[in-house]
Amino acid sequence: MAKEKKQSIFGRLFGNRNKNVDIMVEEQIQSPGRMMLNNFLHNPLGMTGLIVFLCILLFVVVGPYILPIDLGDTDNTQQNVPPIQSMLSVPKALDGNIAAISPGPTFGAGCDKDGNVYMWGYTKITDTIDLKEIPEKVRQAHIVDIAAGYDHMVALDDANKLYIWGNKRLGQDRIPSQVTNSKAKIIQLEAGYQFSGVVLDNGEAYFWGNGNMCDVDVKPEYQGHIKKIAISTYNFCLLLDNGSVVYGGIQKDNAFTRIPAALSSGVVDIAATGETMAGVTEDGKIYVWGNGIHGEEKVPESESRPVELYGGRYHYTALMDNGDVFSWGDDSHQQATVPDSVNGAAIDTVYAGFYQNYAVDVNGKVHTWGLKGHAMGTDNMGRDIMTRIVNGGKVTMTVGAVSVIIALIIGVVMGGIAGYFGGKADMLIMRISEIVGGLPFLPFALLLSAIIGTRISVELRMYLIMVVLGVLSWTGICRLIRAQILAEREKEFVLAAQAMGVREGSIIFKHILPNVLSILLVEATLSFATCMLTESSLSYLGFGISPPTPTWGNMLTGANNSIVIQQYWWRWVFPAAIFGICTICINLIGDAIRDAVDPKSLGR
């Protein structure tokens, strides 16, 4: 017989397993825990489920810090936007040949120096109105300026003629006769929420559109002295030829009429966001007034002097005298975070609006920052689906995990006592288990919801759901533990522990329970998925955590509509997909653990 080659210490530690070792010898030297782990690691479905579940868990644990949620945030400009990332995708044909750019809520519009019009992003306004369907007469005209409103477009050609397309039912196309019949040239074109406005070279300004919502009338005393207009959501201000800023509408007192005294002279530019207005004076100071709740009034200090001012929905962008650009205000979509590459270029002009910014350098190259789109779309209130999935998953998984822990504690204690002591204790606990298990869970939860109503906060409701799920879900675990302990208590190691005088509580929970821990782990894994599904069912039926606090369950409840299912598929596909994948992965992990625990699964 050939002499077996002796391995070095390094080879014995890190080398391949000795193939000559008998398989039975290998199993004798492995602990049960190591055998179970080895069996689990060699289960491809179980490992796949574990990896995917850990990725989802990491997604919902770390995600809320990357995508924080504002429960009070709604945005009517972003309602039911599909998954898209092209809101800042300026067509290559515009690069180096830009005449004008105007950002819309979910799209961008521009015209080149050859008079052609371009649209990009999500341009659909309603089921029947798509702004990308540019009228033929606009295509044939030589467009020199363009303005994007909330739901309509306005374009100006080289013959001083206006073109309007999109939503027209609220008078967005009713251009005043003073504009159409005037020989004065249009020098500024603006579009707002549901109204538009122009400034003529004779110093007059006119507005038209939804006069029920917007202040579209200009005070006569200002006509003939207007240099520029700035439009907010429903109001506007005027920059006059004497360098002062005035509120141009007929409303007598609102947040926009309270203009700072410093803007009574020496103003070089004005701009407006959705809720504020701003002006910059000759000495480079910026003054903001209105309803500034998004940080618009917190103007950052700068050594350079701002010369031009631009407004988005909740942010401002300023072009400085040295060519630098800075933004401030709401930064929820990075619209106030100017890229370093922008300040490294010689910026000639800036176009800002809603959540987008376009900076054009002296070479005609476009630099963009702001909202590119929504990876998973938005819901009917303009809330980002991905953000709600991330934060909702954290709530759903927390409810499921805490409910399982409560059920495990009750089930293990009750089952351990019933299985070990038997007799009257067993009889009493099993009868209680049958009563609790016989309760109709969903009707009970709905009845509880009707009694409680809205008298408790969302946070307390979440805790209540955890407790209710845990208290009503322990019966299966209790019966399982009881059955296992009935079998284990007759074995020799239990008799030995009793003979040594070990306390019976220690025998149950320190000697017997570890021997059934693997089976308990399987049951806990499967119960986790069940509790997540039950929480979603409760949300679907109205007892669960109510919006705006997101959970996967109430997100699916919000999509329980035939119109949503047919037209806004992203509102239910993504929550259902991640919920389904997560539940399947948990069940795969539980099945793999069960197979790893079962010695017969080795097939030897």
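The chain holds 18 helices and 21 strands; these are DSSP runs numbered from the N terminus, with helices being H or I of at least four residues and strands E of at least two. The model is predicted: local features need pLDDT of at least 70, side-chain atom pairs count only at pLDDT 80 or more, and totals for chains, interfaces and linings use all residues. Residues are numbered from 1 along each chain as its sequence is written, and side-chain values use heavy atoms, with hydrogens and water left out.

**Overall dimensions**

- The C-alpha trace spans about 110 × 75 × 50 Å along its principal axes.
- Of the 604 residues of the chain, 49% count as buried, meaning under 20% relative accessible area with a 1.4 Å probe, protein chains only.

**Packing of helix 4 and helix 18**

- Two packed helices are described by the angle between their axes and the distance between the axes.
- Helix 4 (residues 44–66) packs against helix 18 (residues 570–597) at an angle of about 135°, and their axes lie 8 Å apart; axes are lines fitted to C-alpha atoms over the stretch in contact, and angles run from 0 to 180 degrees between N-to-C directions.
- Helix 4 is therefore oblique to helix 18 (angles under 35 degrees count as roughly parallel, over 145 as roughly antiparallel, 65 to 115 as roughly perpendicular and the rest as oblique).
- Contact (heavy atoms within 4.5 Å) involves residues including L50, F53 and I56 of helix 4 and I578, I581 and L588 of helix 18.

Notes
Buried < 20%, exposed > 50% of the residue type's maximum accessible area, 1.4 Å probe, protein only.
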